[in-house]
Amino acid sequence: MSSVEERHWRFLTNHAQVLLCIARDGNIRMRDIAQTVGITERAAQRIVADLIEANYVSRQRVGRRNHYKVDPEAPMRHHAQLGHDVGELLRLFQRPASHGAGA
């Protein structure tokens with residue numbers, strides 16, 4: 001096994017992964033976020049709460065469900081990304097629209 005395979009790391013944090021899930025589907029359920037990211041539902045709840053508290057995500061109750069919305073103009077938090085907003089990150093990970101058969 002190579003040294004890279006022995007050390008388990010990823011380019012995006014769980015917070016970024018959760019943010020991307022919410023950006024793709026504002027009606028996503030916690031269990032679906034947890035499953036997609038590979039974390040527990042409780043961890044997903046904590047991360048969503050962090051994102052709401054930091055004003056990256058807003059939550060609105062719609063019937064018995066929550067609807068989430070990402071603020072694409074929220075500034076990135078790390079000093080290395082000063083002057084960049086969350087929307088730039090989201091645009092990097094948008095899936096391109098399919099343009100006909102074989103696209």
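## Exercises on pockets and helix packing

The largest pocket has a volume of about 390 Å³. The model is predicted, with local features needing pLDDT of at least 70 and side-chain atom pairs pLDDT 80 or more, while totals for chains, interfaces and linings use all residues. Residues are numbered from 1 along each chain as its sequence is written, and side-chain values use heavy atoms, without hydrogens and water.

**Exercise 1.** Describe the lining of the largest pocket.

*Solution.* Step 1: a pocket is an open set of points on a 1 Å grid over the protein atoms alone, where a 1.4 Å probe fits, with protein on both sides within 12 Å along at least five of seven lines; lining residues have an atom within 4 Å of a point. A volume is the space filled by probe spheres set on the points.

Step 2: the lining comprises 16 residues, and T13, H15, A16, M76 and R77 lie nearest the centre.

Step 3: at least two residues each come from α2, α4 and α5 (86-92), with α2 giving the largest share, three residues. Helices (H or I, at least four residues) and strands (E, at least two) are DSSP runs, numbered from the N terminus.

Step 4: by class, the lining holds ten nonpolar, four polar and two charged residues. Here Ala, Val, Leu, Ile, Met, Phe, Trp, Tyr, Cys and Pro count as nonpolar, Asp, Glu, Lys and Arg as charged, and the others, Gly among them, as polar.

**Exercise 2.** Characterise the lining of the second largest pocket.

*Solution.* Step 1: this pocket holds about 240 Å³ of space. Its lining has 13 residues, of which I28, R29, M30, R65 and N66 lie nearest its centre.

Step 2: α3 (30-37), α4, β1 (57-62) and β2 (65-70) give two or more residues to the lining; β2 gives the most, three residues.

Step 3: the lining residues are three nonpolar, three polar and seven charged.

**Exercise 3.** Determine how α2 is placed against α4.

*Solution.* Step 1: the axes of α2 (residues 14-24) and α4 (residues 41-53) come within 10 Å and cross at roughly 80°. The two helices are therefore roughly perpendicular (65 to 115 degrees).

Step 2: N14, H15, V18, L19 and I22 of α2 meet I47, V48, D50 and L51 of α4 (contact: heavy atoms within 4.5 Å). These residues divide into six nonpolar, two polar and one charged.

Step 3: A16, V18, L19, L20, C21 and I22 of α2 are buried (under 20% relative accessible area, 1.4 Å probe, protein chains only). Their cover includes α3, α4, β1, β2 and α5.

How values were computed:
Axes are lines fitted to C-alpha atoms, for helices over the stretch in contact, and angles run from 0 to 180 degrees between N-to-C directions. Angles under 35 degrees count as roughly parallel, over 145 as roughly antiparallel, 65 to 115 as roughly perpendicular and the rest as oblique. Buried means under 20% relative accessible area, exposed over 50%, partly exposed in between (1.4 Å probe, protein chains only).
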